[in-house]
Structure formats: C-alpha cells, structure tokens
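I opened this entry to keep a record of what I looked up, in the order in which I looked it up.

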Amino acid sequence: MQNGFVFAGLDFLRNYDCPTDEASSGFLADILCYQLEKCKDCYIFIDDFHLLKDEKAAIFLCKLAGRLPENVHLIVASRDHFITGEWIVKLGGRLHQIDIDDLRLDLPALAAYTRRCGTGLNDSQLEQLLKSSEGWFSAVYLNLCSFSKVGELPGKTSDIYQMFSASMLNPLPEERREFLSAMGLADEFTEEMAEFVTGREAVSQILETLTRQNAFVTRLSDGKTYRFHHMMKECAHQAFQTLDKRKQSFYYDRYGAWYENQGDYIHALAAYRGSEDFAAMLRVAEKDAGILLASLKPEQVLETLDKCPLSVLKEYPLAILVLMRSMFNWKTFPGCWS
C-alpha cells in the first residue's frame, strides 16, 4: 500500500507501520483523509482483495469508506463477498455495489455490444447468442471469436468448447478439474449429492469458491441446488471422457447408487448403463416394477439386454418378468422373449 502511494507521488505513509489495533488503524484513517482531501480527485483501486484472508482488512476499508472526503473514491475488486449486511446499512448511499448479475448483458445491451464489436447479427442470431451465453461477457466473447472465424454462431461441434476449456477448466488444479468433470454429468446437484458421488469432504467449500469465482456454476434460488451453465456442462462432459475407464465407472456407479437410493430409477438406470453394471440395472428394474421403465425407448432396453451376460439375467428372474410386462406394454416381442 505504501509503495502504491509513493508511485502516485504521495509519500506521507512512508514512515507509518501497518496498524495492529483499533487505535492505530483509526489514526491511519485520519492521516489518509487529511492528506487525500488536498488532492483534486483521487481514486484508490484495490484489486484481488479476496487474497487478503484477514477480515480486519475488510473492516478497516469499510470504516475508511465511511470517513473519506467527497473527492476520494475507494474501489475494491474481489471474487468474494466481503461486506457484511451491517456495513451495507452503515455506508448507505456511500456504497455502490456491482454484483455478478450486473455484469450480465440483456438483449438490448448484447445487441449494442455486438454492434460495437463490428459483428452484424440479426434478431434470431442475437436470441441464440443470448440463450447460449446467458449474457456472460466471457461466453459472448468466445462465441463472437468463433463467429468471426467461420461466419456463424458455434454449435456443439465447434472449437468454442476447446477455447472455453482452455480458459476456464485447464488452469484449475487437477482435483478441482476432476470434481467439475464428475459433477458435470448431473443436470442439477446438491452438496450432499456431490459429497456422495465424488467421495470428497469439504464440498461446500469447493462449491462456495466455484460460485464466487466462476459465473458458470450457479446456486439456484432454493439456496441448496447447483447448476452448470450449459457451456461449462458440455466442457465438463468432454473432460470426463478423458478420464480413465476405471474412474469413469466409479463415478457412474456412484451416480447410480445415489439415484437408486432416491428412488429416481430412470437416472439410476442411465448411470449404471454408463458403467455397464448389468446386475445393478436389473436390480433397479425390479424395484421400479415397470412403472418408470415404461417411459424408456424399447430399443434402448433391448440393446442393453443384448449386452447383458446370461448368467446375470438368471440371477434376477423377477426383473425378467418386469421386462416382459414392459415388452407387452410396448407391443414389442423379440424372438428371445417369445
């Protein structure tokens, strides 16, 4: 902080030590206010404030903000929400917050932004871009980069997902990347589900960090359910495919067990199909008794049965009866079942 002021031509803090108690921090605030009041206009910008873990720093800045003269403006950028409700009330009109939702573009702002980028999009393309990016600048930027190369907005086969992965996934530590890859299989999930599926502890801390630092992981309005932005979900799914087969099977089985315990048999069947755990699939078919099973496509069920070893089928005669009744309902009678 002292070096920053010296660089700006203000050396009045050169001989002051870092305050260690309330009295010395109050004295430092007095000095700052007195000296900076002499400046015409002064903007103090503090970046990456989330790197300071001591809450005393946040309290000091809040107290300082409440006393600064009108010509001084304090701007703090942080990935974490560091201002308590108490200080929001105390600072009142002195405080101007820019939250994560303020950084999202709506349709008119998106249209203006694309025009300024020199990209001519029609109304249909703008709607498509808004839907795919959800208004996030980084996603809009990546979409427009792809558009500038090929002349159309990207689909799932576009290299935009490689670009997204390079900027959002690849820089993460390996464990965090694997966590995202595994949870990307779920449409929505809770902390409890994430702990069960990944076998990790302190999942709440991981999710809190991700939602604060990454706009592509969102906590829904119920306060306990999380969802990935579709671009993050697609990239996470692609990253999952790069895991070795043992890890993939582990996560598929954990998903299957979670959904089975929740009575969500359709999702359980899909997960067990991923790990090719035929015994588990037949067990779930027994539990379902053909109720939810009726919503599946018969050819999908038949394809799975063709892969199932005969020895496993013989262990689940009740599941075979359930499947036979489902075949009757589907009006599908393969030769092996007639």
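I am working from a predicted model, in which local features need pLDDT of at least 70 and side-chain atom pairs count only at pLDDT 80 or more, while totals for chains, interfaces and linings use all residues. Residues are numbered from 1 along each chain as its sequence is written, and side-chain values use heavy atoms, with hydrogens and water left out.

Confidence. I noted an average pLDDT (the predictor's confidence in each residue, from 0 to 100) of 83 for the protein, with 90% of the residues scoring at least 70. Helices (DSSP runs of H or I, at least four residues) and strands (E, at least two) are numbered from the N terminus; confidence is lowest in helix 1 (residues 2–7), at a mean of 68, and highest in helix 13 (residues 245–262), at 95.

Cores. I looked for nonpolar cores, meaning sets of buried Ala, Val, Leu, Ile, Met, Phe, Trp, Tyr and Cys residues joined through side-chain atoms within 4.5 Å, where buried is under 20% relative accessible area, exposed over 50% and partly exposed in between (1.4 Å probe, protein chains only). The largest has 51 residues, and F179, M183, F189, M193, F228, Y255 and L282 touch the most other members. A second, separate core has 18 residues, including F5, L13, I31 and F60.

Helix packing. Which angle do helix 14 and helix 15 make? I read about 170° between helix 14 (residues 265–275) and helix 15 (residues 278–288), with the axes 9 Å apart; axes are lines fitted to C-alpha atoms, for helices over the stretch in contact, and angles run from 0 to 180 degrees between N-to-C directions. The pair is therefore roughly antiparallel, a label for angles over 145 degrees.

Single residues. E276, in the loop between helix 14 and helix 15, has a phi near 55°, positive although the residue is not glycine, and is partly exposed at 47% relative accessible area. A289, in the loop between helix 15 and helix 16, likewise has a positive phi, near 60°, and is partly exposed at 30%. I set these beside the general rule that most residues other than glycine have a negative phi.

Definitions and conventions
Angles under 35 degrees count as roughly parallel, over 145 as roughly antiparallel, 65 to 115 as roughly perpendicular and the rest as oblique.
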